[in-house]
Amino acid sequence: MAESVVGFLIKQLSTLLSQERSLLGGLRPDVQFIKDELGSMKAFLRQAEAKEDDDSQLQEWVKQVREVAYDTEDVLDDFAFRFARGGADGFFGRVGKIYNSIKNLKARHRISLEIKYIKARVVEISARHQRYQSLYGTQEIGSSSSHVASADCDIRDQALLIEEAELVGIDQPKKELISKILDDHSYLKLVSVVGMGGLGKTTLVKKVYDDAAVKKQFQSHAWITVSQNFQFTVIIRNLIQQLYEEIRQLVPPQVESMNGIRLSEFVRDFLKERRYILVLDDVWSLNAWETIKYVLPDCNIASRVVLTTRIADAASSSYLASHDFVHEMKPLSYEDSWTLFCNRTFQSNGCPSNLEEVCRKILKKCEGLPLGIVTMGGVLASKDKDKIDEWEMIFSGFGSDVDGSGKLDRIRRILLLSYSDLPHYLKNCLLYLSIYPEDHPIDVDNLLDTWIALGFIEEKEGMTATNIAMRYVKELINRSLIQVKETWVDGKLVKCGLHDFLREIIFSKSKEQSFTTIATGYCTRWPDKVRHLAIHNFTDKSPQRFSSLKCLRSVETFKYEDPLTTSFLSKFLCGGPKFLKVLNLARAELDNIPKEVFKLFHLMYLDLSSTRVKIIPKSIGLLQNLEALILLETTITELPVEILKLRKLRSLTVGRMDDYSSNFAVWGFKSPDGIGKLTSLESLACIEADSGKIVREIGKLIQLRKLSITKLRREDGKELLYSLSRLTNLRELHICSIKEEETLDLQHSVSPRLGFLTRLWLTGSLERVPEWVISLQFLGMLILDNSELSEDENAIGCLDICPI
């Protein structure tokens, strides 16, 4: 972690030294010294962090490096806050700069003292570094993994989206479970699968649940993830939602207001005449099962409940009757372990003879635990197969006391080794995932914007920050550290997530490093220096010391016991989080945006989705560094002209709440004239084409990769094609007509060359499929919604798609 913090800081210092030369003045030599000294320590930090658990002195040194890096980052951001802001031009601009210079003399003096104090601390830490360097040496563990291969050429890209545990040796237990589920006993039966984390319980049950013979046997099917902190009403409403989706009906509106007893009766009434199979995944206590059990009817029609748990007592004590069955998961045999290991490490090509001995030693340490094998395979897949010493280092990194610890400790060491082997630029990205609640699906697009805003993404010439961030996600998937949860039919990642056991480890590591803090309803005090704050089931009645928030960089909100109100947020922001870069208030009970938000000079990401905010005020123009503004599921209908001041804006997403009286309508926002000035935009949705001028302006946004435009009139078609012909970077395009009977006129002599377009969605009547659509070579998904086309009318048949 210290390595990643220092690496991030060195990047900031380099930018400051190159871009703010005149502002630094006499501080420049001290800043350069700090950068050089931290740079000399960085190569040693990886080995130091790998050994710190076994050496308390080394642990203290790493902690001091991390803290001085954090403090330096705070001083740099304070410097930018006070001195790097632009002002007005002309006479008034010059007067303002003079005034600010006089006003900030004291601030400059204070910052100068802070930098000199940090320099003195760095000198002291550096001296200790020299002592440890002579003791431990400077060879960097796993250095080759810091080089990320080209995403387009790397053969491992073919395996990026595979399921985390494509297990071998699963056929026999699958057959056994299916036989227990499909037997002809006409009573409610419980089948439990028990084993430690990482053995593949969920994977096994999912394969059984998805089996065609099992699907055919039951009228109703549902899969519920219970987890440690389950909420009964949430689980039952989820169950009802699945049951109604299966029969393609809307859930009755009264369900939302039902209490636990009425919800239980509702489920019983629904299922009492049906043969159902229900999976309760990840049950952590007998109490959880007992609570759910009484909801389920037993009407002697051979229904089944399948339960997975890592707690043996929860499985053995959950019997409904003597005919219930418990399957205990076993570690993989050595043969199956070797097959899985080679599949993951060498992509089924077999182990090279020069590596077989060390690989078998590594495999033995995994002791047949599938998650451990898959994780280690992800670590080793990036290693040079000709450098046996790197592979030996991985084996040595398990630690000498491994054999004396429990299995959970052993797999924890495996996963921590995978974490330690990460390049520094991925460590912050992975640790940040600890803010998400257990089993929370993580929206990939939002995650990428958040990582970029927090500065976790290292710039590379010729690549957008979004592209680099996606490569980071894919590398973490490839290392089996995050899982794919949802994709589009064309393979695009939509949701990702963390394995429960890995999340526990990451959360522990993140808390230990003072990286993230989770606020809950039981939280009465936060750490002195909170950097990334997540609010889970938080109540604003909990007493807090908001003065501890001065170092805060991000706030993400998820669930609330009490609504997160405008007044509480105002008080919260008055606590002084002036360095805040990410503010995610999705689903908060906000009627308006507190004025304190617009004082956040460093703010780069703002999400107000699913709030009651109706108007974006003119003050939005003060957020000069804002790069992402997300306003999904709100009643916002237009944006003020001041939005055009946000020249760094990369992502602008506005999606109004649906008008359910019209299933056709796609509601967007009215843009001020001049939207073409936002030339940094890469994603724009959903902008209304309420005039030909807006359509023309879109053609100036040549960085756009994703565009959603709605309310298009027939006469706008030709102008839109002219604009699209300039947007050669487009990957995703959604065009929607102004009304159901309006024709999308997209067939003209103008033919946009959208060579990289992979997804196209046309909503509206078409006279024919435009010829330029048929010529798109990389198109992976085409949706024609309300097109009124049929295959025999034109060339639609050659596209291998079906009109809606």
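Q: Let's start with E633. Where is the place of E633?
A: E633 sits in strand β14, which covers residues 628-634. Keep in mind that this is a predicted model.

Q: Does E633 count as buried, partly exposed or exposed, and why?
A: E633 counts as partly exposed, because its relative accessibility is 34%.

Q: Okay, peptide bonds now. Where is there a cis one?
A: Between A685 and C686, with omega at about -15°. C686 belongs to strand β16, residues 683-688. In general, most peptide bonds are trans.

Q: Let me zoom out. How many helices and strands does the protein chain have?
A: The count is 26 helices and 20 strands. The chain has 804 residues, and 55% of them count as buried.

Q: What about contacts between residues at least 6 apart in sequence: what share join residues at least 24 apart?
A: That share is 62% in the protein chain.

Q: How confident is the prediction, going by the mean pLDDT?
A: The mean pLDDT of the protein chain is 80, and 80% of its residues reach 70 or more. Confidence is lowest in helix α5 (residues 90-103), with a mean of 47. At the other end, strand β13 (residues 605-607) has the highest, at 96.

Q: Over which residues does pLDDT stay under 50?
A: One such stretch is residues 138-165, for which the model has 55 contacts beyond four places in sequence. Another is residues 399-408, where pLDDT is below 50 and the model has 13 contacts beyond near neighbours in sequence. Where pLDDT is low, the predicted coordinates should not be read in detail.

Q: Good to know. Switching to helix packing: at what angle do α14 and α16 pack?
A: About 30°, with their axes 8 Å apart. Helix α14 is residues 334-346 and helix α16 is residues 370-380. Their crossing is right-handed.

Q: Which residues make that contact?
A: From α14, they are S337, L340, F341, R344 and T345, and from α16, P370, I373, V374, G377, G378 and L380. By class, the contact has six nonpolar, four polar and one charged residues.

Q: How do the axes of α7 and α8 cross?
A: The axes of α7 (residues 171-181) and α8 (residues 201-209) come within 10 Å and cross at roughly 55°. That makes α7 oblique to α8. The crossing of α7 and α8 is right-handed.

Q: Who meets whom between α7 and α8?
A: P173, K174, L177, I178 and I181 in α7 meet L204, K207 and V208 in α8. By class, that contact of α7 with α8 has six nonpolar, no polar and two charged residues.

Q: One more pair: what's the angle between α19 and α21?
A: Helix α19 (residues 424-432) and helix α21 (residues 465-478) pack at about 80°, with axes 11 Å apart. They are therefore roughly perpendicular to each other. Y425, L426, C429 and L430 in α19 meet Y472, E475 and L476 in α21. The contact of α19 with α21 has six nonpolar, no polar and one charged residues.

Q: Now S192. Is S192 buried or exposed, and why?
A: S192 counts as buried, because its relative accessibility is 1%. S192 lies in strand β1, residues 189-194. Leaving aside neighbours within four places in sequence, S192 is in contact with L307, A315, F325, V326 and H327.

Q: Last one, G7. Where does G7 lie?
A: G7 lies in helix α1, residues 2-19. At 7% relative accessibility, G7 counts as buried.

Q: What does G7 touch, not counting residues up to four places away in sequence?
A: G7 touches K42 and H424. Also, the C-alpha atoms of G7 and F456 are separated by 9.9 Å, although the two are 449 residues apart along the chain.

Definitions and conventions
Residues numbered from 1 in each chain as written. Predicted model: local features only at pLDDT ≥ 70, side-chain atom pairs only at ≥ 80, totals over all residues. Heavy atoms only, no water. pLDDT = per-residue confidence, 0-100. Helix = DSSP H or I, 4+ residues; strand = E, 2+ residues; numbered from the N terminus. Contact = heavy atoms within 4.5 Å. Buried < 20%, exposed > 50% of the residue type's maximum accessible area, 1.4 Å probe, protein only. Axes fitted to C-alpha atoms, helices over the stretch in contact; angles between N-to-C directions. Parallel < 35°, antiparallel > 145°, perpendicular 65-115°, else oblique. Left-handed = near helix turned anticlockwise from the far one by under 90°. Nonpolar A, V, L, I, M, F, W, Y, C, P; charged D, E, K, R; others polar.
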